[in-house]
Amino acid sequence: MSVNVSWNIPKLDMLKRDFKVGVLTMAFDISNRAKDNSPVLTGNLKSSIRVIDDDNNDQVIVRAGGSCRGKLIDYAEEREFHNHKHPSKIHYMQRALVSTTTGNYIKKYFGDLGK
């Protein structure tokens, strides 16, 4: 007698797809909360917050700053950690991540995984 372990490739592909949908949904929720949390003077920082789906590296990134709409937003990191004028707006990205991934987030984003 033998014991076999086998993988159902179509089922694994479906799980991967469903997981990616959950990750992307979570990333867009984090992005939206970060926009709500971010300090706004010109709106450029808020506009620079976006989700990047990097299939080549199997990454989903929520990014603030960098090049956006032809402008260089080079103060996103500074505003994340320092804002003397509006100290309640610091950690806009961190607070978005924490509030999105607190509580029952696994079930919210991945609860039906593989069904």
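Helices here are DSSP runs of H or I with at least four residues, and strands are runs of E with at least two, numbered from the N terminus. By that rule, histidine 91 sits in the loop between α3 (76-81) and α4. The model is predicted.

**Hairpin**
- Strand β1 (residues 50-54) pairs with strand β2 (residues 59-63) in the antiparallel sense, over five bridges.
- Across this pairing, isoleucine 52 stands opposite isoleucine 61 of β2.
- Four residues lie between the two strands of the hairpin.

**Positive phi outside glycine**
- Aspartate 58 is not a glycine, yet has a positive phi of about 50°.
- Aspartate 58 is placed in the loop between β1 and β2.
- Aspartate 58 counts as exposed because its relative accessibility is 64%, and the cut-off for exposed is over 50%.
- Histidine 91, also not a glycine, has a positive phi of about 60°.
- With 25% relative accessibility, histidine 91 counts as partly exposed.

**Nonpolar core**
- The largest nonpolar core contains 13 residues, and Met26, Ala34, Leu45 and Tyr92 have the most contacts inside it.
- Two or more residues of this core come from each of α1, α4 (92-100) and α5 (105-110).
- Leaving aside residues up to four places away in sequence, alanine 34 touches Ile49, Tyr92, Met93 and Ala96.

**Largest pocket**
- The largest pocket holds about 280 Å³ of space.
- Its lining has 14 residues, of which Pro39, Val40, Leu41, Arg79 and Asn83 are the closest to the pocket centre.
- Helix α2 (residues 44-48) supplies the largest share of this lining, three residues.
- By class, the lining of the largest pocket has five nonpolar, five polar and four charged residues.

**Second largest pocket**
- The volume of the second largest pocket is about 180 Å³.
- Its lining is made up of Lys16, Phe19, Lys20, Val23, Asp53, Asp54, Asp55, Asp58, Gln59 and Val60.
- The elements giving two or more residues to this lining are α1 (9-37), β1 and β2.
- The most comes from α1, with four residues.

Technical notes. Residues are numbered from 1 along each chain as its sequence is written. This is a predicted model: local features need pLDDT of at least 70, side-chain atom pairs count only at pLDDT 80 or more; totals for chains, interfaces and linings use all residues. Side-chain values use heavy atoms; hydrogens and water are left out. Two strands pair if DSSP finds at least two bridges between them. On a 1 Å grid over the protein atoms alone, a cavity is a set of points where a 1.4 Å probe fits but cannot get out, and a pocket is an open set with protein on both sides within 12 Å along at least five of seven lines; lining residues have an atom within 4 Å of a point. Grid points are joined across faces, edges and corners, and a volume is the space filled by probe spheres set on the points. Ala, Val, Leu, Ile, Met, Phe, Trp, Tyr, Cys and Pro count as nonpolar, Asp, Glu, Lys and Arg as charged, and the others, Gly among them, as polar. A nonpolar core is a set of buried Ala, Val, Leu, Ile, Met, Phe, Trp, Tyr and Cys residues joined through side-chain atoms within 4.5 Å. Buried means under 20% relative accessible area, exposed over 50%, partly exposed in between (1.4 Å probe, protein chains only). Contact means heavy atoms within 4.5 Å.
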